[in-house]
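Trainee: Can we go through this one together? I'd like to start with the ligands.
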Amino acid sequence: MRKDVENCRKCILWRTRNRPVFGEGPVDAKMMIVGLGPGRQEDLQGRPFVGAAGRFLDQLLTEAGLSRSRVYITNVVKCFLPDNRATEDQVKSCTPYLDQQIEIIQPKLIVALGNVAACYLLGKFGLRCESMEKIHGKVYEVSSLTLSLHIIPMYHPASALRNPGLRGRLVEDWRELGRIIRSLGLAGSTLI
Ligand code: URA
Ligand code: SF4
């Protein structure tokens, strides 16, 4: 699958990417984090969340008592987003890869960072998407023939870099996330 993404030219983003960002983490992770798409640093390194937003995400994981190495981290779109925005067509072209990753990993929990990831994932299970203001930190229990998991939408860490007023809210949400993970019984030796 990684090879498929490296060779993918399904949307025009292939033209401006340096390295596709497939995702990283243990294939048996119980938890996935799904962002929007690679920024400049991610594009250069070929790894998700290694720039400024990534540093803040690392801090948030610590707030929740989580270890980054136990979580599978990827994005809705795998190639560099020059304007930090993805079109509907780009999302449509790229999400079959995310769908396949979810089927393989079989997570018990997906934390969806920002509107695009949250709306895609809720929509995939037939749920209606609302503004992040309304849905951040909420737990959605979803299932399909092959999957059974919880989805928790969160503000994107980059939104707090643009709007420092959101920073405290994000820290609070992630502390609460740590409590939710423990109450869902996901806090065994493999998650934390
Ligand atoms: N923002 C994202 O949504 N994903 C990354 O990998 C980095 C920044
Ligand atoms: Fe393919 Fe996704 Fe890259 Fe578009 S963004 S070229 S669909 S891997």
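Mentor: A residue is near a molecule if one of its heavy atoms lies within 4 Å of it. The model is predicted: local features need pLDDT of at least 70, side-chain atom pairs count only at pLDDT 80 or more, and totals for chains, interfaces and linings use all residues. Residues are numbered from 1 along each chain as its sequence is written, ligands are numbered from 1 in the order in which they are written, and side-chain values use heavy atoms, with hydrogens and water left out.

Trainee: Which residues are around ligand 1?

Mentor: Gly-35, Leu-36, Gly-37, Glu-42, Pro-48, Phe-49, Asn-75 and His-156.

Trainee: What is 2.7 Å from a nitrogen atom of ligand 1?

Mentor: An N or O atom in the Asn-75 side chain. On the backbone side, a polar atom of Leu-36 is 2.8 Å from a ligand 1 oxygen, and an N or O atom of Phe-49 lies 3.0 Å from an oxygen of ligand 1.

Trainee: Switching to Ile-33, which residues does it touch?

Mentor: With contact meaning heavy atoms within 4.5 Å, and leaving out residues up to four places away in sequence, Ile-33 touches Leu-57, Leu-61, Val-71, Tyr-72, Ile-73, Thr-74, Val-111, Leu-113 and Trp-174.

Definitions and conventions: A polar contact is a pair of N or O atoms within 3.5 Å; within protein, one must be able to donate a hydrogen and the other to accept it, and residues adjacent in sequence count only if both atoms are side-chain atoms.
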